[in-house]
Amino acid sequence: MRLLKLLPLALTVLPSVLGVSLGVTPRPLVLWHGMGDSHASRAMVEFGELIAKVHPGIFIYSVYIEEDQEQDRRASFYGNVNEQVEFAAEQIANVTELQDGFDAIGFSQAGQFLRTYVERYNMPPVHNLITFGSQHMGISDIPACKPWDLVCQAARRAAKSSVYSHWAQTNLVQAQYYRDPDRLEAYLANNKFLADINNEIPDTHNATYAKNFATLNKLVLVLFSKDITVVPKESAWFGSYAPSDETIPGETTIIPMRMQEIYIHDTIGLKRLDEEGDVIFKTCEGVHMQLTEDCWRPLVKEFVGGAVRKTPSFRIQI
Ligand SMILES: *[C@@H]1O[C@H](CO)[C@@H](O)[C@H](O)[C@H]1NC(C)=O
Ligand SMILES: *[C@@H]1O[C@H](CO)[C@@H](O)[C@H](O)[C@H]1NC(C)=O
């Protein structure tokens, strides 16, 4: 309960004395938690504290959908993702400390949610975006649940039974980034989230998405080497399974990022980013979201908290 007092700014650290006196502060950071977690969980707070040790004085903001932690956890399974991202965008726009831009870290599904923020809103703008074990080209199976997690199991059963129904596509979070390469027509016709932010639906490409996405400084895509939660794990790198009629029976083939249609036709600005050397592929050893220090620390050191020099402002009183 103690942690709830930190709401809604789950993690805020005052600028260090040094940073203030020199007018230099680390760029702020936005975190967005993954499936089955909440914005002020012990894990999130601890991660924030570790980051603050790497970048003393950094301001960290943890996105929430519901302030109540249990409700927030539930919202990682149930809800309309487009509405959730819109709410997050409003929230971010309200935080004074973020107004000059920020770096962002998305855990698992929140990686594609933060990418959506960049493509659709990006006011204030994201500088570097790091996504850990995300599902940028969707998933071909609904992630398995922890045995005790009944909320997850109910959502999973519902999603598996009719993933492309209107109800699932507007109420079950994981269904909204489910992409079955053998049923692409159903996906393109019914998916209201992933197919849209990937500009995959013919004749409805939104040029704003590509324009905004290509403004990222660096996009850091982290794949977990032993990930069996994300199917296929290469989705973290914009990979997907090839349709089975294009593969040898019994084998699975991954279409890598640079061979995806959305890359080749540069529908979202990914190719532009990549050609400028701004897409960084990283692998962390371990299962899904096994965030060892070897995994996160070098990334946080390099891509988070770059120094921002505030322009001095003067007010003349007449
Ligand atoms: C943003 O701020 C406005 C004005 O204070 C408030 O009405 C609104 O609820 C806030 N939105 C979010 C998502 O925090
Ligand atoms: C494209 O996306 C932007 C940002 O979400 C939105 O404001 C605009 O209405 C969209 N344009 C079309 C044609 O849908």
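Tutor: A residue counts as buried when its relative accessible area is under 20%, as exposed when that area is over 50%, and as partly exposed in between. On this scale C284 is buried, since its relative accessible area is 5%. The model is a predicted one, and a search of the whole structure finds two disulfides in it.

C284 is bonded to C295, with 2.1 Å between their sulfur atoms. The torsion about this S-S bond is about 85°, so the disulfide of C284 and C295 is right-handed. C284 belongs to strand β9 (residues 279-284) and C295 to helix α13 (residues 293-303); the pair therefore ties together parts that are 11 residues apart in sequence. C295 has a relative accessibility of 5% and so counts as buried.

The other disulfide links C145 with C152, at an S to S distance of 2.1 Å. Here the torsion about the S-S bond is about -80°, which means that the disulfide of C145 and C152 is left-handed. As for accessibility, C145 is partly exposed because its relative accessibility is 21%, and the cut-off for buried is under 20%.

How values were computed: Residues numbered from 1 in each chain as written. Chains lettered and ligands numbered in written order. Predicted model: local features only at pLDDT ≥ 70, side-chain atom pairs only at ≥ 80, totals over all residues. Heavy atoms only, no water. Disulfide = S-S within 2.5 Å. Buried < 20%, exposed > 50% of the residue type's maximum accessible area, 1.4 Å probe, protein only. Helix = DSSP H or I, 4+ residues; strand = E, 2+ residues; numbered from the N terminus.
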